[in-house]
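Colleague: I have a model open and would like to read it feature by feature. Can you take me through it?
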Amino acid sequence: MPRDLEGLLVVTLEQAVAAPYASSRLADAGARVIKLERAEGDFARRYDACVNGESAYFVWLNRGKESVRFDLKAADDQALLRRMLARADVFIQNLAPGAAARAGFAGDGLRERFPRLITCDISGYGEDGPYRDMKAYDLLVQAESGLATVTGTPESAGRVGVSVCDIAAGMYAHQAILQALFARERTGRNRGIQVSLYGAMADWMNVPYLQHHYGGQTPQRPGLNHPTIAPYGAYECGDGGIVLISIQNEREWRSLCANVLGDAGIADDARFATNPDRAANRPALDAIIHGVFGAAPRDAIIEKLAAARVAYGRLSSLDDLVAHPQNRFITVETSAGAVQVLAPPPIAVGEPESYGPVPALGQHDAAVRAEFAD
């Protein structure tokens with residue numbers, strides 16, 4: 001991304017995924033991000049060793065940062081942090097509940113002492129309420145938020161295959177920090193931001209919540225099918241390939257019937273007259289679709305879907321992902337060499353892109369400590 005945030009200083013006491021996600025996007029935009037790590041490093045450094053000995057999580061979320069080993073309980077390091085925050089624009093932390101406050105770095109006190117400092121506290125369940133002190137990791141929050149009850153198959157609840165609660169919280173934190181920086185330019189005032197993993201996922205769960213609480217319709221675990229729209233899901237073709245289709249309106253429904261299923265009259269069957277009808281009679285509808293799709297190879301079905309302008313997608317393996325023609329990649333330097341990473345989605349048209357290297361643990365100890373010496 002363009003280096004729009006160049007000149008801003010971000011200090012982080014961060015680990016794992018949520019806070020590093022937020023700060024990595026600030027670093028991508030040119031902010032200077034100083035990552036304070038415990039002596040053994042952010043534990044995400046050891047989640048795996050898949051990227052030439054480096055952790056996939058850490059390589060993804062820590063490009064463009066400076067790494068300084070730091071002991072929050074040491075008086076000298078506490079003094080160092082206060083000197084850094086005196087110059088900083090943003091302070092992000094996602095330590096265990098209450099850890100930063102116990103060390104004297106509660107957000108409200110910091111904002112009073114440093115009038116331009118924006119603070120961002122990322123937690124599992126928020127700063128208030130009976131769960132505020134509970135430890136929270138992504139899978140646990142997927143379960144607590146109800147996400148797991150609408151994910152998986154009818155037989156079993158499932159985990160979303162990426163750290164969706166962490167990522168959502170990091171995205172909300174990034175958004176709120178940018179908004180606070182903009183507000184500070186207009187008002188001159190700082191701001192405290194609090195984001196929780198649970199709150200992030202609860203927002204994403206609004207459609208199931210509204211359907212259940214107000215509509216009396218509890219979404220079921222549909223596997224690779226949409227819970228309330230039909231046909232919208234996965235179908236096996238004659239060669240074993242899987243294709244997903246999505247019908248969003250009556251024009252598409254009629255086109256599917258006439259041009260793919262080969263029988264325009266299906267569209268007028270009373271069982272399938274409207275989307276609620278089709279959803280209620282999904283087994284009968286699926287039997288018709290499976291009969292057609294199962295008689296031809298996937299490429300032939302896709303050719304018909306494309307000609308009929310019916311939305312479709314292949315069920316891709318990770319090998320398919322690696323070779324997907326729509327991929328964009330960026331190159332990131334690590335201590336183990338250059339790595340190609342799937343690019344972040346925003347494209348600033350006509351602007352050059354620049355991404356910093358992934359730091360080794362403590363790589364910037366001496367330089368940063370000298371810069372912020374008493």
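Colleague: Let me start with Glu252. Is Glu252 buried or exposed?
Modeller: Remember that this is a predicted model. Buried means under 20% relative accessible area. Glu252 has 12%, so Glu252 is buried. Its salt-bridge partner is Arg251, at 4.0 Å from N to O. Arg251 has 55% relative accessibility and therefore counts as exposed.

Colleague: How many salt bridges are there in the whole structure?
Modeller: The search finds 20. Take Arg32 and Glu371, whose closest N and O atoms are 2.6 Å apart. Arg32 lies in strand S2 (residues 32–37) and Glu371 in helix H15 (residues 365–371), so this pair ties together parts that are 339 residues apart in sequence.

Colleague: Which other salt bridge does Glu371 make with an arginine?
Modeller: Glu371 also meets Arg87, at 3.8 Å from N to O. Arg87 lies in helix H3 (residues 75–87) and Glu371 in helix H15, so the pair joins parts 284 residues apart in sequence. Now check accessibility. Arg32 is partly exposed at 25%. Glu371 is partly exposed at 34%. Arg87 is partly exposed at 47%.

Colleague: Which residues are linked in a network of salt bridges?
Modeller: Glu14, Lys35, Asp42 and Lys65 are linked in one.

Colleague: On to aromatic pairs. What do I read from the rings?
Modeller: Read the distance between centres, then the angle between planes. Planes under 30 degrees apart count as stacked, over 60 as edge-to-face and the rest as tilted. The whole structure has eight aromatic pairs. One of them is Phe43 with Tyr47, at 6.0 Å centre to centre and 50° between the planes, a tilted pair. Phe43 is partly exposed at 24%, and Tyr47 is partly exposed at 38%.

Colleague: What about Tyr209 and Tyr214?
Modeller: Their ring centres are 6.3 Å apart and their planes stand at 85°, so that pair is edge-to-face. Tyr209 is partly exposed at 40%. Tyr214 is exposed at 62%.

Colleague: Where does a charge sit over a ring?
Modeller: Look for a charged end above the ring face. The charged end of Arg25 sits over the ring of Tyr21, 4.3 Å from the ring centre. Another case is Arg278, which lies over the face of Trp253 at 4.7 Å from the ring centre.

Colleague: Now the interior. What is the general idea for nonpolar side chains?
Modeller: In soluble globular proteins, they tend to be buried together. Here, the largest nonpolar core has 35 residues. Ile92, Ile122, Ile177 and Ile193 have the most contacts inside that core. Elements that give two or more residues to this core include helix H1 (18–28), strand S5 (118–123) and helix H7 (164–187). H7 gives the most, with nine residues.

Colleague: Which nonpolar residues form a patch on the surface?
Modeller: Leu318, Leu321, Phe329 and Leu342 do, with about 380 Å² of accessible area together. Leu342 is found in strand S13 (residues 337–342). Leu342 is partly exposed at 41%.

Note on methods. Residues numbered from 1 in each chain as written. Predicted model: local features only at pLDDT ≥ 70, side-chain atom pairs only at ≥ 80, totals over all residues. Heavy atoms only, no water. Phe/Tyr/Trp six-rings, centres within 6.5 Å; stacked < 30°, edge-to-face > 60°. Buried < 20%, exposed > 50% of the residue type's maximum accessible area, 1.4 Å probe, protein only. Lys NZ or Arg CZ within 6 Å of the ring centre and 35° of its normal. Patch = residues over 30% accessible without salt bridge, like charges linked within 9 Å, V, L, I, M, F, W, Y side chains within 5 Å. Areas by Shrake-Rupley, 256 points an atom, 1.4 Å probe, with all protein chains shown as cover. Salt bridge = Lys/Arg side-chain N within 4 Å of Asp/Glu carboxyl O. Helix = DSSP H or I, 4+ residues; strand = E, 2+ residues; numbered from the N terminus. Core = buried A, V, L, I, M, F, W, Y, C linked by side-chain atoms within 4.5 Å.
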